[in-house]
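Thank you all for making time this morning.

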Amino acid sequence: MIGYKKSLSEWQCLSEVKMGRGSPIPPMLRRKIVEQYQKGVSQRKIAKSLKLSSSTVHNIIQRFRESGTISVRKGQGRKTILDARDLRALRRHCITYRNATVMEITTWAQEYFQKTLSVNTIHRAIRRCRLKLYRSKKKPYLNMIQKRRRFLWAKAHLKWTVAKWKTVLWSDESKFEVLFGKLGRHVIRTKEDKDNPSCYQRSVQKPASLMVWGCMSACGMGSLHIWKGTINAERYIQVLEQHMLPSRRRLFQGRPCIFQHDNARPHTASITTSWLRRRRIRVLKWPACSPDLSPIENIWRIIKRKMRQRRPKTVEQLEACIRQEWDNIPIPKLEQLVSSVPRRLQTVIKRRGDATQW
């Protein structure tokens, strides 16, 4: 609520309206009461002129006599169930068990504090601890071996400059689905509208989807290949011949470059590695379960966000939208993503190989 100053006449008009029990008198009106009292005006006349009760004027004047101030005494009110010490214990528990539900935290708090606590009370206490419930980000699971390999890989490539990373041709596959029904998990409704068909979240068991392969570098976007179904090593080699090699020639124009792809089975098959070796294509060794280190993953995220906004209804519309958004990615955005790779490596080293925010 944004407050603003009023004139004394306005406060007099407002004082004619019956105030709620316990409503504080505005400071301007308090100062006017004290000024008239210091001029020798009786309390009864002050109350009558300002349309206030005699007890209210008496209390303000008595507080001015005792403390010399006109500020409102801090109300006592009902004390909170959980004090500052309890809130610190609750905060430590929430940080230790971040994935616990509010019901589980409530059960723990009742046993730990030996107090009768409701779910709403714990909700408010969590907010008082400057914490809030969020939907967690989805990241791949990493075991200790994978974290160790990510850590060593990041240390080995930490000396690479941004110019070196700009010589990398990044590639990846991603799955796009035709979106049906309502997208959000939440709906605005009344309690009685829970069974209203317009408030349902529709879902399809097997929505129509497309697999997309693409490549990019700091110089620009490469070719895009779209197909239905899965891919094997033979088909992946065809994609590399028809799309990766032309993109490599167009983007780097004969300059040396490094090809990057992840450790999917078609990528690491013996016939694929033999084909890359015969073509004398230098491949960047990639740690397992590391999509957060590849800038092209951010490109997929941008395009999928655009798909949620445009909401294509058919597979044909989905393919057309993907190609259009792929071509609309600006080169400054690509340079920004590629330049962020050194910072990603530093974050991996700092977290000892664990997942990063990218």
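This is a predicted model: local features need pLDDT of at least 70, side-chain atom pairs count only at pLDDT 80 or more; totals for chains, interfaces and linings use all residues.

Residues are numbered from 1 along each chain as its sequence is written, and side-chain values use heavy atoms, with hydrogens and water left out.

Let us start with the overall picture. The chain has 16 helices and four strands, where helices (H or I, at least four residues) and strands (E, at least two) are DSSP runs, numbered from the N terminus. Its radius of gyration is 33 Å, well over the 21 Å that the globule rule gives for 358 residues, so the chain is more spread out than a compact globule. That radius is taken over C-alpha atoms, and the globule rule is 2.2 Å times the number of residues to the power 0.38. Along its principal axes, the C-alpha trace spans about 105 × 45 × 45 Å. Of the 358 residues, 37% count as buried, and here buried means under 20% relative accessible area, exposed means over 50%, and partly exposed is in between, with a 1.4 Å probe and protein chains only.

Helix H4, residues 54-67, has 14 residues and reaches 20 Å from its first C-alpha to its last, which is close to the 20 Å expected at 1.5 Å a residue; the expected span is 1.5 Å times one less than the number of residues. Which residues of H4 are buried? They are Val-57, Ile-60, Ile-61 and Arg-63, and they cover an arc of only 155° around the axis, which puts them on the same side of H4. The arc is that of the directions from the helix axis to the C-beta atoms. As a reminder, an α-helix has 3.6 residues a turn, so residues three or four places apart point the same way. On the other side of H4, Arg-65 and Glu-66 are exposed. The buried residues of H4 pack against helix H2 (27-38) and helix H3 (43-49), and Gly-68, which follows H4, has a positive phi, near 75°.

Helix H6, residues 102-113, can be described in a similar order. The buried residues here are Val-102, Ile-105, Thr-106, Ala-109 and Phe-113, and they cover an arc of only 100° around the axis, which puts them on the same side of H6. Met-103 and Glu-111, on the other side of H6, are exposed. The buried residues of H6 pack against helix H5 (84-96) and helix H7 (119-128), and just after H6 we find Gln-114 with a positive phi of about 55°.

Next come the strands. Strand E2 (residues 209-217) and strand E3 (residues 220-227) form a hairpin with two residues between them. They pair in the antiparallel sense over six bridges, and two strands count as paired if DSSP finds at least two bridges between them. Gly-214 stands opposite Leu-224 in E3, and E3 is mostly covered, since seven of its eight residues are buried.

What about the interior? A nonpolar core is a set of buried Ala, Val, Leu, Ile, Met, Phe, Trp, Tyr and Cys residues joined through side-chain atoms within 4.5 Å. The largest has 37 residues, of which Trp-165, Trp-170 and Ile-299 touch the most other members, and H13 gives the most to this core, with six residues. Leaving aside neighbours within four places in sequence, Trp-165 is in contact (heavy atoms within 4.5 Å) with several residues, including Trp-153, Trp-170, Leu-284 and Leu-345. Apart from this core lies another, of 17 residues, among them Trp-213, Val-239, Leu-251 and Phe-252.

Finally, two arginines. Arg-130, in the loop between H7 and helix H8 (144-156), has a positive phi of about 60° although it is not a glycine, and Arg-130 is exposed, with a relative accessible area of 74%. Arg-352, in the segment after helix H16 (341-350), has a positive phi of about 55° and is likewise not a glycine; Arg-352 is exposed, with a relative accessible area of 54%.
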